[in-house]
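Here is a short briefing to read with the model open beside you. Please have a look at the structure first, and then we can walk through a few of its features together.

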Amino acid sequence: MPEGDTVYLSAKHLDAALHGTVLTRCDLRVPAFATVDLSGEVVNEVASRGKHLLMRIGDTTVHSHLKMEGSWHLYRHGTRWKRPAYSARAILETADWVAVGFDLGTLDVVATADEESVVGFLGPDLLGTDWNAALAELNLRSDPARPVGLALLDQRNLAGLGNVYRNELCFLRGVLPTRPVGDVADIPTMVELAHRLISTNKDRSERTTTGRLRGQMTWVYRREGKPCLRCGTRIERGRLGDDEHTLRDTYWCPVCQS
Ligand SMILES: [Zn+2]
């Protein structure tokens, strides 16, 4: 599952390749937008907002979300794609590049002036130039009974965290993901740490929360049954969600977190 840093880096690469150039082909393979043709328009910018990708082309924005398996690839013309063509949902070409969005969870098209209709619900973007820590804290605290592990994933509170970061943040702050937000002593420190971790990782393809770039790059995420890197206790795994549809794996150390 891509986190905000993955989407940020995708947007940065796509922007570097495409911005200021003219689309020569536009093929959106979703029924609602199959007839949209933006060829001839100039790519103004590719930007991320939380885990959403915004391609501003002419007066139009192609909005996508990677969800579980999605990714955007950039290819030179004539090179072989690394994913099957049938999983391509969007193909945008310029004279030099072919940008292909595979297995996109969301793909829609809005007027750039109406972007808020697709991303306006998002809380402050951890990787945005308008990042607002105080507002993120306020949002997180707005429902004190909610488990902190769910509040951190809720993109309306703050945008950009996925399952890796929410588990790692809870470990690093010594709280169980199930602990109610109202019982977490220092939300500002947790928010500050979230901002620091994701910012540190945003320009590289590796994601680390331990500071190591090989070997153990997470404290608890996907380490169930293995010894805690701090105390040696076996890491546990569970599931947490607002309902059965939003259940996601949680990982924690029963000694270091309470
Ligand atoms: Zn431990």
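**Pockets, a metal site and strands**

T6, L9, S10, H13 and W72 lie nearest the centre of the second largest pocket, which is lined by 20 residues. This is a predicted model, in which local features need pLDDT of at least 70 and side-chain atom pairs count only at pLDDT 80 or more, while totals for chains, interfaces and linings use all residues. Residues are numbered from 1 along each chain as its sequence is written, and side-chain values use heavy atoms, with hydrogens and water left out.

**The two pockets**

- A pocket here is an open set of points on a 1 Å grid over the protein atoms alone, where a 1.4 Å probe fits, with protein on both sides within 12 Å along at least five of seven lines; lining residues have an atom within 4 Å of a point.
- The second largest pocket has a volume of about 380 Å³, a volume being the space filled by probe spheres set on grid points that are joined across faces, edges and corners.
- Helix α1 supplies the largest share of that pocket's lining, six residues.
- By class, the lining of the second largest pocket has seven nonpolar, eight polar and five charged residues (Ala, Val, Leu, Ile, Met, Phe, Trp, Tyr, Cys and Pro count as nonpolar, Asp, Glu, Lys and Arg as charged, and the others, Gly among them, as polar).
- The largest pocket holds about 520 Å³ of space.
- It is lined by 19 residues, and L153, D154, Q155, T246 and R248 are the closest to its centre.
- Elements giving two or more residues to the lining of the largest pocket are β4 (60–65) and α4 (148–153); helices (H or I, at least four residues) and strands (E, at least two) are DSSP runs, numbered from the N terminus.

**The zinc site**

- Which residues hold the zinc ion? Its protein donors are C228, C231, C253 and C256, each through SG, lying 2.3 Å from the ion (donors are N, O and S atoms within 2.8 Å of the metal, or 3.2 Å for Na, K and Ca; water is not among the atoms, so sites may look incomplete).
- The arrangement is tetrahedral because the four donor atoms subtend angles of 101 to 114° around the zinc ion; four donors count as tetrahedral if all angles lie between 85 and 135 degrees.
- Along the sequence, the donor residues are spaced C-x2-C-x21-C-x2-C.
- C231 is partly exposed, with a relative accessible area of 35%, and C256 is also partly exposed, at 25% (buried means under 20% relative accessible area, exposed over 50%, partly exposed in between, with a 1.4 Å probe and protein chains only).

- β3 pairs antiparallel with β2 (residues 43–49) over six bridges (two strands pair if DSSP finds at least two bridges between them), and R49 stands opposite H52 in β3.
- Six bridges also join β3 to β4, again antiparallel, with R56 opposite T61 in β4.
- The β2 and β3 hairpin has two residues between the strands, and G50 takes a positive phi near 60°.

Technical notes:
Tetrahedral: all angles 85-135°; square planar, octahedral: opposite > 155°, others 65-115°.
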